[in-house]
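Q: Hi! Could you walk me through this model? I'd like to start with its surface and then look for pockets.

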Amino acid sequence: MKLQTMMRLSLLVFCVGCVALIAVAANNTRARSAPVLYRKYCVSCHGSDGRAKTSKGRFSHARDLTDAQWHEDVSDERIFNSIMNGRNVRGNMPAFANKLNEKEADSLVSFVRGLKAQ
C-alpha cells in the first residue's frame, strides 16, 4: 500500500511539473505586438511619433520614420536588416537580432511603414 501511495504521489508531482513547464514555455513564446516592441526598443531614439526629435535621436542621428521620400527609397528588406543587424551609415542604430525574432522584426517593418507621413 505504501508503494502505491508513493507511486501516485510521484506521478502527481511529475504531472504538475509538466504542466508548469508547458505554462512557462507558452508564456515565453507569446508574440509581442509591434506597438509594444516599438515602445520598448525604438521610442527612445525615434520618438513615439517616429520623427526622431528626442535628444537621444538627435545625438545618434536617428532616422525620421515619417519621411515619405525615405519610405519611397527604402525596401522592407532593408528596414528588416537595419532592425536585426543595426546600421552605421547615417547614424548609429544598434542591432536587435538578440532581442527580436524574425516575426517580431517583420511586424516592426509593417509598423514603421504605418508611420509614413501622408
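A: Happy to! Accessible areas here come from the Shrake-Rupley method with a 1.4 Å probe. The model is a predicted one, and its protein chain exposes about 8500 Å².

Q: What about contacts between residues at least 24 apart?

A: Take the contacts between residues at least 6 apart in sequence: 46% of those join residues at least 24 apart.

Q: Now the pockets. How much space lies in the largest one?

A: About 560 Å³. The lining of this largest pocket is made up of 28 residues.

Q: Which of them lie nearest the centre?

A: Those are His-46, Ala-62, Arg-63, Ser-82 and Met-93.

Q: Which helices supply at least two lining residues each?

A: Helix H3 (43-46), helix H4 (55-60), helix H6 (76-85) and helix H7 (102-113) do. H6 gives the most, with 4 residues.

Q: Last one: how does the lining divide into nonpolar, polar and charged?

A: The lining of the largest pocket has 16 nonpolar residues, 7 polar and 5 charged.

Conventions. Residues are numbered from 1 along each chain as its sequence is written. This is a predicted model: local features need pLDDT of at least 70, side-chain atom pairs count only at pLDDT 80 or more; totals for chains, interfaces and linings use all residues. Side-chain values use heavy atoms; hydrogens and water are left out. On a 1 Å grid over the protein atoms alone, a cavity is a set of points where a 1.4 Å probe fits but cannot get out, and a pocket is an open set with protein on both sides within 12 Å along at least five of seven lines; lining residues have an atom within 4 Å of a point. Grid points are joined across faces, edges and corners, and a volume is the space filled by probe spheres set on the points. Ala, Val, Leu, Ile, Met, Phe, Trp, Tyr, Cys and Pro count as nonpolar, Asp, Glu, Lys and Arg as charged, and the others, Gly among them, as polar. Contact means heavy atoms within 4.5 Å.
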